[in-house]
Amino acid sequence: TDRSPPTEAVLGVGDIIRVTIFEAGGGGLFVQSSGSGNGGNFVTLPDQEVDQGGNISVPYAGKDNNSGFIKAKGRRLVEVQTDIQQRLMNKAIEPQVIVTMVKRTSNLFSVMGDVNQPGRFTLEQGGTRILDALSVAGGPRNNDYNTLVTLQRGSRSATARLSTLLTQSENNVFVQPYDLIAVKKDERHYNVLGATQNNSRVAFEAESVMLADAIAKAGGLNSELAQPGMVVVFRREGFNTLVDMGVDVKHQSDNEPVPTVYRFDLTEPTGMFLAQKMPLRNDDVVYVSQHPFADVSKLVGILRDVLFIKLIND
């Protein structure tokens with residue numbers, strides 16, 4: 001739910017930067033003579049790492065006897081650049097300073113789990129969203145509808161299905177420094193039992209599978225056995241959901257899901273339309289009841305076969 005803008009990438013301990021100092025002419029503090037062997041009136045200091053104290057060192061830029069240390073941690077490149085320039089103002093000839101990033105080792109985020117190239121990556125200056133982070137890590141290994149993405153930020157974490165991030169852009173939030181993104185395969189299943197052509201445990205093949213789709217996937221109702229008016233879905237439903245539906249749940253605990261049965265009458269048009277709108281969830285059980293005369297039909301069929309065999313023998 002964090003909709004804050006991207007965090008500006010500031011310098012941190014371990015970042016490697018490069019300082020280039022220009023002077024207006026030769027004979028200055030850094031450029032001893034015109035040209036000075038580098039083709040211009042500037043000097044580039046050796047690349048240096050922001051130390052544990054958060055500082056870098058620039059010769060002659062000392063202040064208050066700090067031996068040329070410049071505070072870098074937590075500051076932007078332009079702020080460090082301006083600080084160095086001001087400190088050299090009365091020492092060099094009209095100094096101009098450029099500070100550039102050589103290698104960033106702070107402001108990183110991590111991507112792990114079922115991605116093609118897990119690792120630690122650098123935040124872009126303009127901001128990196130979750131989907132951008134997954135792309136940098138080579139993308140997920142599995143389909144969007146069976147991939148869970150968890151964003152851990154400090155002691156907090158939140159999880160969403162990848163398909164949700166794709167279809168609901170407001171959840172594709174900006175990644176912050178030191179965030180951890182974990183990608184995990186989470187295949188969902190539903191069970192079809194009773195008077196259908198095939199009874200099986202079926203994996204979701206899309207983000208949403210409707211009850212009508214599940215029955216069709218099972219080969220449809222068995223015309224000889226099924227009772228179309230008694231198609232049910234068994235599910236553990238959320239307590240608050242049932243309260244909102246007006247169901248009496250006073251004898252149920254609000255701390256755990258409530259065993260719930262939804263019944264559909266497929267002999268009625270309304271039942272068919274509802275079956276097309278009822279999305280299944282992980283571990284739902286779809287059960288098609290047998291017709292009361294199904295056992296009688298089986299017995300009649302057995303007797304018919306026995307009599308047929310007897311007639312052949314006679």
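Modeller: Let us begin with the sheet. Strands of a sheet pair through backbone hydrogen bonds, either parallel or antiparallel. Here an open sheet of five strands has the order β8-β7-β11-β9-β10, with mixed pairing. Strands (E, at least two residues) and helices (H or I, at least four) are DSSP runs, numbered from the N terminus, and two strands pair if DSSP finds at least two bridges between them.

Biologist: Which strands stand at the edges?

Modeller: They are β8 (119-122) and β10 (156-161); each has a single partner strand, so one side of each is left without a neighbour in the sheet. From one strand to the next, the twist averages 20°, with axes being lines fitted to C-alpha atoms, for helices over the stretch in contact, and angles running from 0 to 180 degrees between N-to-C directions.

Biologist: How many bridges join β7 to β11?

Modeller: Four bridges join β7 (residues 108-113) to β11 (residues 180-185), and the two strands run parallel. S110 has L180 in β11 as its bridge partner.

Biologist: On what basis are these values given?

Modeller: This is a predicted model, in which local features need pLDDT of at least 70, side-chain atom pairs count only at pLDDT 80 or more, and totals for chains, interfaces and linings use all residues. Residues are numbered from 1 along each chain as its sequence is written, and side-chain values use heavy atoms, with hydrogens and water left out.

Biologist: Which residue between β4 and β5 deserves a check of its phi?

Modeller: Most residues other than glycine have a negative phi. Y60, in the loop between β4 (55-57) and β5 (69-71), has a positive phi of about 70° although it is not a glycine. E94 also has a positive phi, of about 40°, and is found in the loop between α1 (77-87) and β6 (96-103).

Biologist: Is E94 buried or exposed?

Modeller: E94 counts as exposed, at 58% relative accessibility; buried means under 20% relative accessible area, exposed over 50%, and partly exposed in between (1.4 Å probe, protein chains only).
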